[in-house]
Amino acid sequence: MADCLFCRIVAGEVPSRQRHASDLVVAFDDIAPQAPLHLLIVPREHIGSAADLRDTPQHAAILARIHAVAAELAAAAGYGDRGWRLVSNVGDEGGQAIDHLHYHLLAGRRLTWPPG
């Protein structure tokens, strides 16, 4: 989508510090980090939010890849055994700021609960 910031980042039209790029997902640094490690993992396909995911092989593959990439990136940054959080917000009240499915990977400090 031409007006979607994350689609533009995935397409390389908007600069980002990419940490991973594959056929299904891209991971990059969050511009307002809330932890020493704060990455966004987004599918290349424009999906509005987790509420728009469907029980299809394509969406299953995207979710599997997001989780695998999160584990790989957390481990590569030295947080694999220490702990990390993977979260996706849905809608305004859920805290979603960009209407493109994305997961926040956070690590490097004690992450409390409830988060907000």
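Colleague: Good to know! What are these values based on?

Modeller: This is a predicted model, where local features need pLDDT of at least 70 and side-chain atom pairs count only at pLDDT 80 or more, while totals for chains, interfaces and linings use all residues. Residues are numbered from 1 along each chain as its sequence is written, and side-chain values use heavy atoms, with hydrogens and water left out.

Colleague: Which residues are linked in a network of salt bridges?

Modeller: Arg17, Arg19 and Asp29. Aspartate 29 also bridges to arginine 19, with the closest N and O atoms 2.9 Å apart. Since aspartate 29 is in strand β2 and arginine 19 in strand β1, the pair ties together parts that are 10 residues apart in sequence.

Colleague: Why is arginine 17 called exposed, and why is arginine 19 called partly exposed?

Modeller: Exposed means over 50% relative accessible area, buried under 20%, and partly exposed in between (1.4 Å probe, protein chains only). Arginine 17 has 55%, so it is exposed; arginine 19 has 36%, so it counts as partly exposed.

Colleague: And how do you know whether histidine 59 is buried or exposed?

Modeller: Its relative accessibility is 8%, so histidine 59 counts as buried. Histidine 59 belongs to helix α2 (residues 57-76). Beyond neighbours within four places in sequence, histidine 59 has contacts (heavy atoms within 4.5 Å) with Glu45, Ile47, Asp52, Leu53 and Arg54.

Colleague: What makes a group of residues a nonpolar core?

Modeller: They must be buried Ala, Val, Leu, Ile, Met, Phe, Trp, Tyr and Cys residues joined through side-chain atoms within 4.5 Å. The largest such core here has 19 residues, and Val25, Ile66 and Leu73 are among those with the most contacts inside it. Helix α2 gives the largest share, six residues. Apart from this core lies another, of 10 residues, including Phe6 and Val26.

Colleague: Why might such residues be buried together?

Modeller: In soluble globular proteins, nonpolar side chains tend to be buried together.

Definitions and conventions:
Helices (H or I, at least four residues) and strands (E, at least two) are DSSP runs, numbered from the N terminus. A salt bridge is a side-chain nitrogen of Lys or Arg within 4 Å of a carboxyl oxygen of Asp or Glu.
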